[in-house]
Amino acid sequence: MTRTLYSAPYIVGFQEGQHRILRDGCLVVDGDRITHVGAEYAGEVDERVDLPNRIITPGFIDTHSHLHESPIDKSVQEDTGNRQFWLTGLIEILPAEAAGLDRASMRACVDYSLIELARSGTTTVLQLGDEADYVADAVEASGLRGYVAPSYRSGRWFTPDGRRVDYEWDEAAGRRGLEEAIRFVESNTGRADGRVQGFLAPGQVDTCSEDLLRASSVAAGELRVPVSLHASQGVWEFNEITRRHGRTPVEWLADIGFLGPRTLLGHAIFITGNSWVNFAGNDLGLLAQSQTSVSYNAWCFARRGILMESFPEYVEAGVNMCLGTDTAPQSMIESLRWTAISGKITSRRADTSTARRVFDAATLNAAAMLDRPDLGRIAPGAKADLLFWRTDSFGMAPLRDPIRNIVYYAQPSDLADVMVDGKTVVEDGVVVGADVAAAARGVQAAGERVWAHWSEGDWAGRSLEEVAPMTYPAFEDTDVEGTKR
Ligand SMILES: [Zn+2]
C-alpha cells in the first residue's frame, strides 16, 4: 500500500463530532483509508503531494437516486403539472416514460448518470430501481461506492381517466420481489472490497401491503442493511393513506413498526403541518423519536412547484436529514444548493437553512443513516473518499468560507479531483475511464425511443408533444414575400 501525504490551504477535517476548517494542513492516505489529518505529519510517507490551490472535503453521499431512468426526465417534466394530481409527475408522466424505456435505454441512463455523479462530487450513491445487476457492475467499474437496491412492491398506481388514481394489486409479486432483493443483498455482500453492496427498497407507502413492509423491515434487520421507502411524496398518496387507514403515511408506518434507525424515507414532504394537506398531528415528532432518516430531493420537487415545509424545521425537530438527487441532474451540488435556498424561502429565514446544515446532511447525517462512521468525514480511520475543489478557478473567487462557496456557487468545473476508496475517479475534471461522448449519445438515443413510444403509456394515448409541448412553436417556412410554404 502507498502512503501519500496531501497538503492544502483548506481541509474540512472532522474533530470532536463536527467538521472543522483546517487552514494550511495535511492529511495522509494509506491505501483506502485516511490515517492522519492535522497541521503537520512527522511520520514516513511514500509520496508528498502539495496542493496549494485546493480545498479538500469529504465526498457527498447521495441517499436517493434512480440512475436507470433519470436522464429521461430532461426537457419533459419541468413545465407540466396536472392540478388533478397536485402537480406530481408520478401518475401521468412515469408510466408514459416507462413504455419506451427498454433495457438498453435503462443501461444508457445508468452509464450517463454515474458520470454525472462523479463529476459533481458524489462518492457514495444509493440507487433504487430496475437493472440492479447492471447497476452493481457499472458502479463497481466506475470506482464509486454504491448501495444498490432492486425495488419491489405489492401493486401499482394508475389513472384510468386523468381524474383519479387507482391501484392494481399483486401481493405474490411483491413477496417474490422481496425474496429476490434479499438474494441480491446476500450475493453482493463484500463485493469490490465492500465498495458495492445491496440494501432493501420496497417501492412506495401506497403500493406496498402492510405484510410486505413488515417483512421488509424484519429482513433489513437480519441483513443489517438500510430499508428505503417512498412516503409522503404526493398529496394524492397522503389522501389515499388517510382514506385507507385514518392515519397519515408517517403515523401508519409508525403503527406497523416500520420506522427506525435503519429506515430511510424518500421525500416525506406531505406530512402533518404541510400547508398543502392541512392535517393536524406530529409526524415530525414520530420521525425524530424513531430515529428515522429522511432523504430530501429538493430540485426534482421544486421544478414542479413543490417544497418541503421546511428543511430547517425538520432539522430542528431532530429528524436525521439526508439529501439525494432522485432524478436529473444527478448532482449533489444542486441538491445542497436547492435544499438550502428552498429552506430559506419556506422558513422565511436566512439563518436556519444554512450551508452547514446541508453539508452535514450530505456527509455526516447520511453516514449515520448507513451506520458508517468511516464515511462522510476526514478523520483517521475513515475511508479515503475525498473531493479536491479548486481555489483558483474564476467561479470560486473570492474565497473566504469554502463551504459557503461550494454550497452556493460551485459548478462541477470547480471540482478538480475525486477520490473514492483511495483511488482517483476524477482527475482534473475528467472522469477516469469514462467515454463521456458515448454516454451522451446513449441517452440521446434512449430519449428518442422513449419520446416516440410515449402515447403507448399515456392513459389517453396522447403524444409527448400534447402532454409537454415544446417551449416555442416550430418556425414556419416561408418564401421571400413571407408566404408560408
Ligand atoms: Zn425516488
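**View 1. The largest nonpolar core of this predicted model has 137 residues.** A nonpolar core is a set of buried Ala, Val, Leu, Ile, Met, Phe, Trp, Tyr and Cys residues joined through C-beta atoms within 7 Å. Buried means that 20 or more other C-beta atoms lie within 10 Å of the residue's own, with C-beta atoms placed from the backbone. Leu 27, Ile 56 and Ala 362 have the most contacts inside this core. Beyond its neighbours within four places in sequence, Ile 56 is in contact (C-beta atoms, placed from the backbone, within 7 Å) with residues including Tyr 6, Leu 27, Ile 378 and Phe 388. A second, separate core has five residues, among them Phe 85 and Trp 157.

Residues are numbered from 1 along each chain as its sequence is written. In this predicted model, local features need pLDDT of at least 70, side-chain atom pairs count only at pLDDT 80 or more, and totals for chains, interfaces and linings use all residues.

**View 2. Strands S1 (residues 3-15) and S2 (residues 18-30) form a hairpin.** Strands are DSSP runs (E, at least two residues), numbered from the N terminus. Two strands pair if DSSP finds at least two bridges between them. S1 and S2 are antiparallel, with 12 bridges. Leu 5 stands opposite Val 28. Two residues separate the strands, and Glu 16 takes a positive phi near 50 degrees.

**View 3. S1 also pairs in the parallel sense with S4 (residues 47-50) and S5 (residues 54-58).** Four bridges join S1 to S4; Ser 7 stands opposite Asp 50. Two bridges join S1 to S5; Tyr 10 stands opposite Ile 55.

Conventions:
Buried ≥ 20, exposed ≤ 12 C-beta atoms within 10 Å, placed from the backbone. Contact = placed C-beta atoms within 7 Å.
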